[in-house]
Amino acid sequence: MATLARLQERLPGFKEEYFFRNRCVDEYRKREYYAAVIIQSWFRGCKVRAYIRYMNKVMVFIQKWWRGYQGRKKFRKMAETAYFIMKMNFYNEMAVRIQKRWRGYYIRKYIHNYYALKKYLEAIALNNEMVRRELEEFAEMKEKEEVKKALERKEKKKDYLARKMHYLLSTEQIAGVYNSPYRSSPDPMELQLRKVKPLRHKKKGIQDITNLKYADSFGFQTVPPLPPIGRQKPQGPFRNTGEVLQQRFKPLEPSLQGAASNFSLQLAREKVKQEEWRNRIHDNV
């Protein structure tokens, strides 16, 4: 009983100690819980960060490998393209060289043959020499002809002047102008005057008959004729004035009696009969 009494006396202390211990346990448990949460969060953070670093490294490695693969592929393609271009340029250069050699050979052989061209140029040079020689001869001939024509014109002019001045010819009684007695030999003009005949004036034709009323008895024209009047031709059966004047002043012709024979009429009648018999108008007489 004493023990129970002591226990009962000590019961409030137990309760306080129990509550105190429980409160301490709760406080410690919360502290441990917060510490465990902090440790877990730190550990999980470290783990996640380590995983992220690992994933980053792996991602960088994958990117590096893929980029390297793409770069090598692109470089391989660029190298193939460059090699193809270089090869095509080489082939084109070789083809151009072969074409150049062949075209040069073909041109020199068949189109522009050096020896044929040389012969052709020699033939052209020879032909040019011949043509030049002929042209020179033709020019000399033309020059000689011109000189000859000039001399002929000069001679004709001298001849005309000598015929025109034939009255200056010297006679046995009177010496001429070109035959001076003080000279040992006569002048060449005197010899020319001796060779030629005097100049004669042309006779007037029928066209001058219409102007006889304007000329005197010596044939010199006194009054110049008036120009023709530009008027219209008169209506009616009238002939032209010039034709009438020409018919009026024409020379005389022999009469019919003097021009024809006595048997002309009989011959004409016989000819008419022959024509009528050859070309009959009425067949059924």
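Is Glu129 buried, exposed or partly exposed? Glu129 is partly exposed, with a relative accessible area of 40%. The model shown here is predicted. The protein has 6 helices and 0 strands. Of its 285 residues, buried ones make up 4%.

**Overall build**

- Along the sequence, the pattern reads α-α-α-α-α-α.
- Helix H1 covers residues 2-111.
- Helix H2 covers residues 114-164.
- Helix H3 covers residues 188-195.

**Salt bridges**

- Side chains of opposite charge can pair when their charged atoms come close.
- The structure holds 3 salt bridges.
- Arg97 pairs with Glu93, and their closest N and O atoms are 3.5 Å apart.
- Both residues sit in helix H1, 4 residues apart, so about one helical turn separates Arg97 from Glu93.
- Arg97 is partly exposed at 38% relative accessibility, and Glu93 is partly exposed at 45%.
- Arg132 forms a salt bridge with Glu129, with 3.1 Å between the closest N and O atoms.
- Arg132 and Glu129 are 3 residues apart in helix H2, which means about one helical turn lies between them.
- Arg132 counts as partly exposed, at 42% relative accessibility.
- Arg194 and Glu190 meet through their side chains in a salt bridge of 3.6 Å, N to O.
- This pair belongs to helix H3, where 4 residues, or about one helical turn, separate Arg194 and Glu190.
- Arg194 is partly exposed, with a relative accessible area of 47%.
- Glu190 has 0% relative accessibility, so Glu190 counts as buried.

**Aromatic pairs**

- The structure holds 7 aromatic pairs.
- In one of them, the ring centres of Trp65 and Tyr69 are 6.1 Å apart and the planes meet at 10°, so the pair is stacked.
- Trp65 and Tyr69 are 4 residues apart in helix H1, so about one helical turn separates them.
- Trp65 is exposed, at 53% relative accessible area.
- Tyr69 is partly exposed, at 35% relative accessibility.
- Trp102 and Tyr106 have ring centres 6.1 Å apart and planes at 35°, so this pair is tilted.
- Trp102 and Tyr106 also lie in helix H1, 4 residues and about one helical turn apart.
- Tyr106 is partly exposed, with a relative accessible area of 37%.
- Ring pairs join Trp102, Tyr105, Tyr106 and Tyr110 into a cluster.

**Surface patches**

- A nonpolar surface patch brings together Trp102, Tyr105, Tyr106, Ile107, Tyr110 and Ile111.
- Together, the residues of this nonpolar patch have about 650 Å² of accessible area.
- Trp102, a member of this patch, is found in helix H1.
- The ring cluster includes Trp102 and Tyr110, and both are also in the nonpolar patch.
- Glu134, Glu136, Glu137, Glu140 and Glu143 form a negative surface patch.
- Glu136, one of these residues, lies in helix H2.
- Glu136 is partly exposed, with a relative accessible area of 46%.

How values were computed. Residues numbered from 1 in each chain as written. Predicted model: local features only at pLDDT ≥ 70, side-chain atom pairs only at ≥ 80, totals over all residues. Heavy atoms only, no water. Phe/Tyr/Trp six-rings, centres within 6.5 Å; stacked < 30°, edge-to-face > 60°. Helix = DSSP H or I, 4+ residues; strand = E, 2+ residues; numbered from the N terminus. Buried < 20%, exposed > 50% of the residue type's maximum accessible area, 1.4 Å probe, protein only. Patch = residues over 30% accessible without salt bridge, like charges linked within 9 Å, V, L, I, M, F, W, Y side chains within 5 Å. Areas by Shrake-Rupley, 256 points an atom, 1.4 Å probe, with all protein chains shown as cover. Salt bridge = Lys/Arg side-chain N within 4 Å of Asp/Glu carboxyl O. Lys, Arg positive; Asp, Glu negative; His and termini not counted. Charge placed at Lys NZ, Arg CZ, Asp CG, Glu CD.
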